[in-house]
Amino acid sequence: MTIYQLYHDESMENGYWHGILLVPAEKKPLLLEYLEQVRCNTGYRDPLSIKKVKRNNRVFDCASSWVQIGLGFMRSRAKTQPFPVSLGKRGKQRVFVNLPPDATNLKFILFRERDNHETMTGYPDRASKIETTFRFGIKGGLHFLGSDEQPIHIEKMHFDGHKHHLRHLDRNRIVGRLQGLRRYCSISSRPDIIDDRSSDHRAEEAQSYGDCQLLQLTDLLIGSFRTALGVVTRDIHKELAHLPKELILDYRKGYARMRNSRWFSSFWLSECFLQSDGWHFQTLEFIESGIGMKQLSLL
């Protein structure tokens with residue numbers, strides 16, 4: 001069994017997107033070490049988010065390197081092929097390294113509520129709607145990404161701040177009502193499983209520095225995958241979306257194609273929408289957005 005910590009962020013472009021990053025506890029220090037090397041090389045110390053990526057500058061350099069590192073760590077197996085990533089520019093010189101073979105097994109869930117929760121009625125507040133669809137997303141994602149051979153246990157959940165929800169997140173609505181998990185999926189019963197303090201590491205009431213960095217990485221992964229799917233907010237974001245797009249194209253070719261991929265069982269892309277006969281679920285649709293494809297071999 002692999003013990004994971006969960007990181008959640010959101011996007012509200014053309015629907016409500018849950019981004020859920022699952023980080024193996026034993027790989028967390030190594031991942032943070034690489035992210036910090038990028039911070040040191042680029043000299044960028046402020047919080048990172050997709051909204052701040054506006055042009056080719058050190059913010060872009062830092063974000064691009066982080067996305068490469070995140071995708072590299074999402075490999076389910078390293079095989080014998082090196083995976084080079086940028087660690088940003090040190091002065092005028094760009095630094096590249098090959099990730100080690102044990103830089104693997106992060107998992108990513110992108111789950112969209114298509115109508116931005118506007119069709120959901122009978123809920124006490126907007127936060128309860130978000131908690132409900134998060135529950136849909138985590139259950140479906142865990143079922144898809146885990147297996148009897150690779151069981152998943154979630155020990156801690158980190159959410160990007162509670163102030164924009166106007167209250168703390170409800171543990172019971174998120175965990176207590178999560179029923180019917182398959183035997184290879186489990187979630188800790190600890191009362192403090194949810195940390196919803198700020199992801200801004202400069203804030204007084206922030207989560208730990210490392211957890212803030214991983215929440216910021218989750219934000220970048222949502223934005224890059226969303227852009228790769230065709231929901232683009234700025235053209236510069238397309239530069240972050242080349243690698244996610246190629247993975248998505250292979251993902252949509254089906255199980256047999258992904259079975260031989262280094263990213264097998266590494267990510268899940270789905271959406272839900274409510275109609276008069278109940279909830280419907282389907283794979284996220286791909287909208288061709290004109291993002292150019294680099295000649296990369298990821299399989």
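The largest nonpolar core holds 80 residues. Such a core is a set of buried Ala, Val, Leu, Ile, Met, Phe, Trp, Tyr and Cys residues joined through side-chain atoms within 4.5 Å. Helix α2 (residues 58-73) gives the largest share of this core, 9 residues. This is a predicted model: local features need pLDDT of at least 70, side-chain atom pairs count only at pLDDT 80 or more, and totals for chains, interfaces and linings use all residues. Residues are numbered from 1 along each chain as its sequence is written, and side-chain values use heavy atoms, with hydrogens and water left out.

**Core residues**
- M157 and F267 have the most contacts inside the core.
- F267 touches, among others, F108, F144, F225 and Y251 (contact: heavy atoms within 4.5 Å; residues up to four places away in sequence are not counted).

**Around R112**
- R112 sits in strand β5 (residues 107-113); strands are DSSP runs of E, at least two residues, and helices are runs of H or I, at least four, both numbered from the N terminus.
- R112 is buried, at 9% relative accessible area; buried means under 20%, exposed over 50%, partly exposed in between (1.4 Å probe, protein chains only).
- A polar atom of the R112 side chain lies 2.8 Å from the backbone oxygen of N14.
- R112 also touches residues including W17, E271, C272 and L284.

**Cysteines**
- The count is 0 disulfides, a disulfide being a pair of cysteine sulfur atoms within 2.5 Å.
- C212 is buried at 0%, and its sulfur is too far for a bond because the closest cysteine sulfur, in C62, is 15 Å away.
- C272 is buried at 0% too; its closest cysteine sulfur, in C185, is 18 Å away, too far for a bond.

Definitions and conventions
Polar contact = N/O pair within 3.5 Å; in protein donor to acceptor, adjacent residues only side chain to side chain.
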